[in-house]
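Please keep the sequence and the model at hand while reading.

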Amino acid sequence: MRRPVLIASLCLVVLAPGSAPVLAAPEAGPAVVHAVGGCELFPADSPWNRRIDDRPVWRWSRAIVDRQAAGHDLHLDLGTSEDQYGIPVNVVDEDQPLLPLQFGVDGEDYRDESDRGPVFVPADAAIEGGSTRDPDPDEGDRHVLTVRRGTCDLIELYAAERVRDASGTVVAWRAAAAARWDLSSTRLRPAGWTSADAAGLPILPGLLDHDEAASGRITHALRFTLPSARHAYTWPARHCGPSGNTARDLPAYGLRFRLPRSFPARRYTGAARAIVVAMKRYGLVYADQGSAMYVTGTAHPRWADALDQFRERPLDGRALEVVKPWRRVVSC
């Protein structure tokens with residue numbers, strides 16, 4: 001869900017040295033960092049790859065959980081085929097031809113702080129909400145995520161659509177917003193700036209990947225949504241929720257939620273158990289406004305078992321707790 005806020009734009013920060021802070025030295029990251037297209041999804045010391053099971057519970061935890069998470073079951077926002085839910089990931093080679101990038105879709109235009117084109121997004125890139133039968137959805141967030149091998153950079157588009165000439169050939173991309181990320185860097189976006197996600201964070205490192213889950217070990221935090229955000233953010237997020245939302249029991253973007261150590265992961269098996277364990281060790285990052293307790297990932301035919309397990313043994317959001325932020329919550 002797109003942010004209904006006044007600050008509505010993004011920027012390429014990794015190409016502008018000195019424009020954004022480098023992260024302070026963190027706790028040790030995982031031994032193995034999840035990779036896509038041969039590219040690790042940010043360094044081991046990235047906040048995405050940082051365990052939080054030893055962090056203290058925040059004093060506002062119970063109030064925040066009770067307001068929006070409690071009473072809502074964990075929902076895997078993905079499916080077993082591209083015709084269902086999920087955010088696809090495109091991987092291209094280093095010599096991928098570039099296409100121009102235009103801005104302005106359905107009245108949304110964040111070009112002032114977006115990374116400009118041309119972009120290494122292929123003409124046939126998969127769009128969130130699309131399928132082989134209907135590759136060009138006309139509603140939803142329509143994210144396009146593309147990783148380039150070799151250079152290991154990532155570009156994420158929001159509200160993306162293909163631009164065709166009179167013959168129907170794709171000659172450019174159009175989006176409401178675009179953000180580019182250096183996967184080898186821990187640099188943040190400038191304070192107050194958004195991204196293809198409302199929190200000003202990259203989407204890809206927080207997605208559920210079936211092969212990773214099936215391996216039995218997920219070594220990063222997961223992206224999730226709740227309906228309403230506070231007009232505030234906390235590190236590593238960089239962007240505020242809607243203006244006027246000042247209640248302390250609303251979550252600021254970037255807050256980390258987790259399952260407590262005592263939560264019985266043994267109730268689940270296979271990929272489902274790996275998800276639960278990841279929620280205990282690495283937690284959930286509040287990244288965007290959307291349906292309560294939706295955890296996003298990519299579609300895969302073998303997700304059926306995990307989906308069935310969470311239907312049969314629902315995980316209520318009241319089990320979550322909010323950990324104390326590493327840095328202060330910035331009120332906007």
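## The disulfide between Cys39 and Cys152

Cys39 and Cys152 are joined by a disulfide (a pair of cysteine sulfur atoms within 2.5 Å), with their sulfur atoms 2.1 Å apart. Cys39 belongs to strand S2 (residues 39-40), whereas Cys152 sits in the loop between strand S6 (144-148) and strand S7 (153-158), so the pair ties together parts that are 113 residues apart in sequence. Helices (H or I, at least four residues) and strands (E, at least two) are DSSP runs, numbered from the N terminus. The torsion about the S-S bond of Cys39 and Cys152 is about -85°, and the disulfide is therefore left-handed. Cys39 has 0% relative accessibility and counts as buried, where buried means under 20% relative accessible area, exposed over 50%, and partly exposed in between (1.4 Å probe, protein chains only).

The model is a predicted one, in which local features need pLDDT of at least 70 and side-chain atom pairs count only at pLDDT 80 or more, while totals for chains, interfaces and linings use all residues. Residues are numbered from 1 along each chain as its sequence is written, and side-chain values use heavy atoms, with hydrogens and water left out.

## The disulfide between Cys240 and Cys332

A search of the whole structure finds 2 disulfides, and one of them joins Cys240 to Cys332 with an S to S distance of 1.2 Å. Cys240 lies in the loop between strand S12 (232-233) and strand S13 (256-258), and Cys332 in the segment after strand S17 (330-331), so that distant parts of the chain, 92 residues apart, are linked. Cys240 is buried at a relative accessible area of 3%, whereas Cys332 is partly exposed at 45% relative accessibility. With bonded cysteines counted along the chain, the disulfides follow the pattern 1-2, 3-4.

## A sheet of 3 strands

An open sheet with mixed pairing is formed by 3 strands in the order S5-S9-S8, where two strands pair if DSSP finds at least two bridges between them. Strand S5 (101-103) and strand S8 (161-164) stand at the edges with a single partner strand each, so one side of each is left without a neighbour in the sheet. S8 pairs with strand S9 (residues 170-175) in the antiparallel sense over 4 bridges, and Val163 stands opposite Ala172 in S9.

## The surroundings of His210

His210 lies in helix H2 (residues 210-214) and, at 4% relative accessibility, counts as buried. Not counting residues up to four places away in sequence, His210 touches His300, Arg302 and Trp303, contact meaning heavy atoms within 4.5 Å. A polar atom of the His210 side chain lies 3.2 Å from the backbone oxygen of Arg302.

Methods: Polar contact = N/O pair within 3.5 Å; in protein donor to acceptor, adjacent residues only side chain to side chain.
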